[in-house]
Each structure stands twice: as C-alpha cells, then as structure tokens.
Amino acid sequence: MQRLFLSAVIASNAAVATASDLLVSPAWLKENLAEPKLVLFHVGAKPDFDKEHIPGAQLVSPQDLAIPRAEGALLLQLLPAEALRAKLESLGVSDDSRVVVYFGTDGMSPATRVYFSLDAAGLSERASVLDGGMPAWKAAGGAVTDEIRARAPGKITAKGRPELVLALEDVRAGLAGSKIDVIDARLPEYFDGTSPGSMPRAGHIPGARSIPFSSLATADLRMKPEAEVADIFKAAGVKPGDTVVSYCHIGQQATMVYFAARRLGFNAKVYDGSWDEWSRKEELPVETKPVK
C-alpha cells in the first residue's frame with residue numbers, strides 16, 4: 001500500500017523534477033564542485049561563513065530575498081518578481097546555472113526558504129538542496145575554505161511563478177471550495193493553541209492539518225526518505241492529486257513542508273503571510289484543538 005501511494009503521488013505531477021534533482025548528496029556535490037555553472041548558496045550566520053564554507057559558496061539569507069523589514073509590516077515576504085530576479089542575478093545566477101543551497105549550522109528551514117525563492121523565480125528545475133548541509137559535507141570529507149570568491153552578475157530570463165505564493169484571500173477561497181490541503185508546519189504547541197508564541201492569537205487556521213516541519217527531518221538534519229515522508233502526508237489526510245498549501249509563523253518553516261511536497265510530486269504552494277498575517281486579523285476565525 002505504501003508503495004502504491006507513493007507511486008500515485010509522484011505520478012500526479014510529472015512536470016516536477018525528480019527527488020534526486022531536488023535533494024543532492026555530498027558525494028554528488030564533490031563530483032560537480034568544479035563545474036563552472038555551479039552556484040553555491042551558504043545559508044547561515046556570517047561569522048560561521050567567514051570562518052569556513054564550501055569553496056565557491058556565497059552567503060545568502062532568506063531575508064536577502066524578502067521585502068526589507070518595516071515597522072508593523074508582515075515578516076519575510078518574498079520580493080516582487082522583478083526585484084527577486086535582480087537580486088538573484090546579482091548573486092551570479094543565470095538561466096543555465098545549477099544552484100545548490102545548503103545550510104551552515106542553523107537548520108534546514110532557512111535553506112528550503114531560499115530554495116522556495118528560487119522556485120518562485122522560475123529556477124526550480126536547476127536548483128537543489130544539499131542533504132544534511134554543511135555538517136554532512138564536512139562529515140563526508142568535503143573541503144572547506146575561508147576564501148570568498150566574487151561572481152560575475154548573471155542573467156535570468158526564466159518566467160517567474162507567482163502562483164506559488166498565495167495571499168490570504170487565495171487561502172480563504174481555497175478552503176471554502178475544499179480545493180486545497182492547508183498544512184500547518186509549526187510545532188504542535190502552536191498548532192493546538194497551547195502557545196501563541198510571539199503572535200497576537202493562538203491556534204491555527206480552521207481546517208488546517210498539522211505536519212510539523214521537524215517531523216520531516218532526521219536527528220542529523222537530513223530529509224527523511226520519501227517513503228517515510230509519504231506516510232506522514234498520508235497520515236495528515238493528504239491524498240494523491242491534492243494541492244498542498246503550507247504555512248507557519250512567518251513563511252520559513254512552511255517551506256520544509258513545501259519542499260517535501262515537491263519531492264513527492266504534489267502541486268505545492270506557500271501562504272507567505274502565514275500565521276503572522278492570519279492571527280492579526282481579529283475577524284478571521286481561529287481553531288484550537290490537540291494534534292491527533
């Protein structure tokens with residue numbers, strides 16, 4: 001049954017890249033590190049990057065690809081299409097680049113947020129995440145350096161994919177029509193309303209299902225095998241052919257669910273405003289209940 005479910009999910013969207021394209025191993029990166037079209041994004045703290053990084057990597061943060069923070073505004077909102085393209089070009093990305101994103105020491109979700117940004121820019125077929133990030137690279141004997149190499153600006157003509165970024169009204173309309181599976185990627189205590197965190201209200205979007213972002217990774221911060229992830233999605237009520245819309249606090253942890261859904265072949269999107277937006281609007285309903 002597990003194999004049948006996984007096969008059906010993958011078959012539901014044949015246009016997406018294969019799992020091996022989306023998630024690459026340290027061994028693969030070693031073999032391709034000298035490729036001239038390879039662009040490496042190190043996602044993490046600057047002091048860690050300055051100390052050591054994979055040769056040729058550039059320091060990138062999710063905020064670099066988001067609208068600058070402003071008082072009272074929503075956090076971590078993806079740049080508009082033209083600004084996003086210009087920023088990626090300034091980092092040396094072109095249509096024919098092979099971009100690999102990896103995390104330093106800060107965990108997986110910042111790296112998957114950068115991957116999602118590349119996907120929204122229309123570059124997903126040539127973008128991947130390094131499984132296990134910098135820790136896995138070092139454990140595999142990969143080289144590190146403190147040398148920083150500048151890259152020449154790139155040129156992107158690929159058409160962006162704004163449909164991957166949902167607004168609040170898109171989510172409300174989708175829920176009303178039962179056309180989407182809304183997945184809350186936060187930890188259970190935020191989903192069930194035990195804690196509001198730093199947000200105005202506690203709870204979750206009515207009808208949302210819970211897939212905590214942390215449930216998709218192993219203890220050593222690698223993505224769980226596809227079959228295990230497929231079981232997690234199935235247990236949450238996600239069916240083959242469904243559209244998966246993920247959200248979290250501010251749209252970062254949600255991208256781990258997004259990335260996992262893409263690997264399984266689902267049509268995946270992110271509600272970028274996430275709980276930061278929904279919880280501010282007192283007229284919107286909120287649900288609180290334990291995770292089953």
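Is L76 buried or exposed? I looked this up first. L76 has 5% relative accessibility, so it counts as buried (buried is under 20% relative accessible area, exposed over 50%, partly exposed in between, with a 1.4 Å probe and protein chains only).

Before going on, I noted the ground rules. This is a predicted model, in which local features need pLDDT of at least 70 and side-chain atom pairs count only at pLDDT 80 or more, while totals for chains, interfaces and linings use all residues. Residues are numbered from 1 along each chain as its sequence is written, and side-chain values use heavy atoms, with hydrogens and water left out.

Entry on two loops. L76 sits in the loop between strand 3 (58-59) and helix 5 (helices are DSSP runs of H or I with at least four residues, strands are runs of E with at least two, and both are numbered from the N terminus). L76 is not a glycine, yet I found a positive phi of about 55° there. I then turned to L221, in the loop between strand 8 (209-210) and helix 10. Its phi is near 65°, also a positive value in a residue other than glycine. L221 is partly exposed, with a relative accessible area of 32%.

Entry on the cavity. I counted 1 cavity of 30 Å³ or more. A cavity here is a set of points on a 1 Å grid over the protein atoms alone where a 1.4 Å probe fits but cannot get out, and lining residues have an atom within 4 Å of a point. The largest cavity has a volume of about 40 Å³, the volume being the space filled by probe spheres set on the points, which are joined across faces, edges and corners. L221 is one of its lining residues, and the others include L23, F103, M108 and D131. Helix 6 (109-120) and strand 5 (127-130) each supply at least two lining residues. I read the lining as 8 nonpolar, 2 polar and 1 charged (Ala, Val, Leu, Ile, Met, Phe, Trp, Tyr, Cys and Pro count as nonpolar, Asp, Glu, Lys and Arg as charged, the others, Gly among them, as polar).

Entry on Y115. This residue is found in helix 6. At 0% relative accessibility, Y115 counts as buried. Leaving aside neighbours within four places in sequence, I found Y115 in contact with residues including L22, V129, Y258 and R262 (contact means heavy atoms within 4.5 Å). Y115 and A261 are 146 residues apart in sequence and 13 Å apart in space, C-alpha to C-alpha.

Entry on the cores. The largest nonpolar core has 54 residues, of which F41, L88, L118, L216 and F233 touch the most other members. Such a core is a set of buried Ala, Val, Leu, Ile, Met, Phe, Trp, Tyr and Cys residues joined through side-chain atoms within 4.5 Å. Elements giving two or more residues to this core include strand 2 (38-43), helix 5 (81-90) and helix 11 (254-264). Helix 11 gives the most, with 8 residues. A second, separate core of 15 residues includes I205, Y247, Y271 and W275.

Entry on helix 8. Its buried residues are L168, V171 and G174. Seen down the helix axis, they fall within an arc of 130°, so they line one face of helix 8 (the arc is that of the directions from the axis to the C-beta atoms). On the other side, E169 and A176 are exposed. Among the elements covering the buried residues I noted strand 7 (180-184) and helix 12 (274-278).

Key:
On a 1 Å grid over the protein atoms alone, a cavity is a set of points where a 1.4 Å probe fits but cannot get out, and a pocket is an open set with protein on both sides within 12 Å along at least five of seven lines; lining residues have an atom within 4 Å of a point.
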